[in-house]
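Here is a short report on one protein chain. Look at the structure first, then read on.

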Amino acid sequence: GFTKTTCFVNVDKAALAAYRLTSPDVGGRILYAIKNNKNHMTHCVFTDRGCGMGMFIVCSAKDAFDWVYESVAESVRLFLETLGSEGDFHKRNFELNETNSGRILLYVNEDDSTHRHHNLRI
């Protein structure tokens, strides 16, 4: 998810909503929230050429956000490895370089669902 609403995708109704709907008691809920409050990153980062209609581009995909693709791939790999090994859903098992640097916020299982951090309401 993101910490700021973009492209009409409301942070409270997308990834954050899915995190809220799952129970921490099950032992397998994770939310990575990309801090986009100041860097103008939008959901267009997940497209090949940006978003728009025909020749009109609303927002372009930027090479400056290549770290996002690497982080998403790594997070999926960690999640699948944990599922495959019937592993441990502890925060330490899902940390990425970008979560350690503060670019991405990481919430796992019992992390407070009422905490407010950088415009992200969990």
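## Helices, strands and loops

Helices and strands are DSSP runs, numbered from the N terminus. A helix needs at least four residues and a strand at least two.

The model is predicted. Its protein chain holds 3 helices and 6 strands. Reading from the N terminus, the order of elements is α-β-β-β-α-α-β-β-β.

## The chain as a whole

How much of the chain is buried? Of the 122 residues in the protein chain, 32% are buried. The chain exposes about 7800 Å². Carbon and sulfur atoms supply 54% of that area.

Take the contacts with a separation of 6 or more: residues 24 or more positions apart account for 58% of them.

## The largest pocket

Rolling a probe the size of a water molecule over the atoms shows where empty space is left. The largest pocket contains about 290 Å³ of space. Its lining has 17 residues. Nearest the centre of the pocket lie Gly1, Ala15, Leu31, Tyr32 and Val72.

Which elements give two or more residues to this lining? They are α1 (15–21), β1 (30–34) and α2 (66–84). By residue type, the lining of the largest pocket has 13 nonpolar residues, 4 polar ones and no charged ones.

Thr3 belongs to the segment before α1. Is Thr3 buried or exposed? Its relative accessible area is 1%, so Thr3 is buried, since buried means under 20%.

Two polar partners can be named for the side chain of Thr3. One of its polar atoms lies 3.1 Å from the backbone nitrogen of Asn36. The side chain of Thr3 also makes a polar contact of 2.2 Å with the side chain of Asn37.

The relative accessible area of Asp111 is 17%. That value is under the 20% cut-off, so Asp111 counts as buried.

What does the side chain of Asp111 reach at 2.7 Å? It reaches the backbone nitrogen of Val108. Set aside the neighbours within four places in sequence, and Asp111 is in contact with Tyr19, Arg29, Lys91 and Leu106.

## Two glycines in loops

Gly27 is in the loop between α1 and β1. Its relative accessibility is 25%. Leaving out residues up to four places away in sequence, Gly27 touches Phe89 and Asn109. Along the chain, Gly27 and Val108 are 81 residues apart. Their C-alpha atoms are separated by 8.7 Å.

Gly87 is placed in the loop between α2 and α3 (97–101). At 32% relative accessibility, Gly87 is partly exposed. Now pair Gly87 with Gly28: they are 59 residues apart along the chain, and 9.9 Å separates their C-alpha atoms.

## Glu70, on a helix

Glu70 lies in helix α2. Why does Glu70 count as exposed? Its relative accessibility is 58%, and exposed means over 50%. Glu70 and Asn97 are 27 residues apart along the chain. The C-alpha atoms of Glu70 and Asn97 are separated by 10.0 Å.

Terms used: Residues numbered from 1 in each chain as written. Predicted model: local features only at pLDDT ≥ 70, side-chain atom pairs only at ≥ 80, totals over all residues. Heavy atoms only, no water. Buried < 20%, exposed > 50% of the residue type's maximum accessible area, 1.4 Å probe, protein only. Contact = heavy atoms within 4.5 Å. Areas by Shrake-Rupley, 256 points an atom, 1.4 Å probe, with all protein chains shown as cover. 1 Å grid on protein atoms, 1.4 Å probe; cavity = no way out; pocket = protein on both sides within 12 Å on 5 of 7 lines; lining within 4 Å. Points joined across faces, edges and corners; volume = space filled by probe spheres on them. Nonpolar A, V, L, I, M, F, W, Y, C, P; charged D, E, K, R; others polar. Polar contact = N/O pair within 3.5 Å; in protein donor to acceptor, adjacent residues only side chain to side chain.
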